[in-house]
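Please open the structure in a viewer and keep the selection panel at hand. The stops below follow the chain from an overall view to individual helices and then to a helix pair.

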Amino acid sequence: MQIGLVVLYILFVPIGLWLLTEVLWQHGAPFRYRVLAFVGFIGVAVGVGIKNPVVVGIGVFCFAVGQFLTTRYVRKAYHHGWTVSGRRPKGRRAKAR
């Protein structure tokens, strides 16, 4: 096995764990978008594992769309998302004029 693939497989673990924690605990975006990004990442990992470029491509597309939508909602300060803890942040303060 090539060294590059070993490093890639090793890096899949912390990135996957990071995305899983984002899916479960981050409240800044709708749950469905966070899950889409996570499923896309799993698709990339599986596609690389089975050496299927179509699965990798679908995974990359799903990951990119999920991360884009998640980032968009986080920047707009969306605070109605679902989290494991069940706690949501309090409303935003009014901006001073």
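A residue counts as buried under 20% relative accessible area, as exposed over 50% and as partly exposed in between, with a 1.4 Å probe and protein chains only. The model is predicted: local features need pLDDT of at least 70, side-chain atom pairs count only at pLDDT 80 or more, and totals for chains, interfaces and linings use all residues. Residues are numbered from 1 along each chain as its sequence is written, and side-chain values use heavy atoms, with hydrogens and water left out.

**Whole chain**

Begin with the whole chain selected. Of its 97 residues, 27% count as buried. Its secondary structure comes to 3 helices and 0 strands, in the order α-α-α along the sequence; helices (H or I, at least four residues) and strands (E, at least two) are DSSP runs, numbered from the N terminus. A contact means heavy atoms within 4.5 Å. Among contacts between residues at least 6 apart in sequence, 63% join residues at least 24 apart.

**Helix H2**

Select residues 31-50 next. This is helix H2, with 20 residues. From its first C-alpha to its last it reaches 28 Å, close to the 28 Å expected at 1.5 Å a residue; the expected span is 1.5 Å times one less than the number of residues. Colour the buried residues of H2, among them Tyr33, Arg34, Phe38 and Phe41. What covers the buried residues of H2 includes helix H1 (3-25) and helix H3 (53-75). Then move to Lys51, which follows H2 and has a positive phi, near 60°.

**Helix H3**

At the N-terminal end of H3, display Asn52, which caps that end: a side-chain oxygen of Asn52 lies 3.0 Å from the backbone nitrogen of Val54. Now select H3 itself, which has 23 residues and reaches 32 Å from first C-alpha to last, close to the expected 33 Å. The buried residues of H3 are Gly59, Gly66, Gln67, Leu69, Thr70 and Tyr73. Their cover includes H1 and H2.

**The H2 and H3 pair**

Finally, show H2 and H3 together. How do their axes cross? They come within 7 Å and cross at roughly 155°, where axes are lines fitted to C-alpha atoms, for helices over the stretch in contact, and angles run from 0 to 180 degrees between N-to-C directions. H2 is therefore roughly antiparallel to H3, a term for angles over 145 degrees. To view the contact, select residues including Tyr33, Gly40, Val44 and Ile50 of H2, together with Val55, Cys62, Phe63 and Tyr73 of H3.

How values were computed:
Polar contact = N/O pair within 3.5 Å; in protein donor to acceptor, adjacent residues only side chain to side chain. Parallel < 35°, antiparallel > 145°, perpendicular 65-115°, else oblique.
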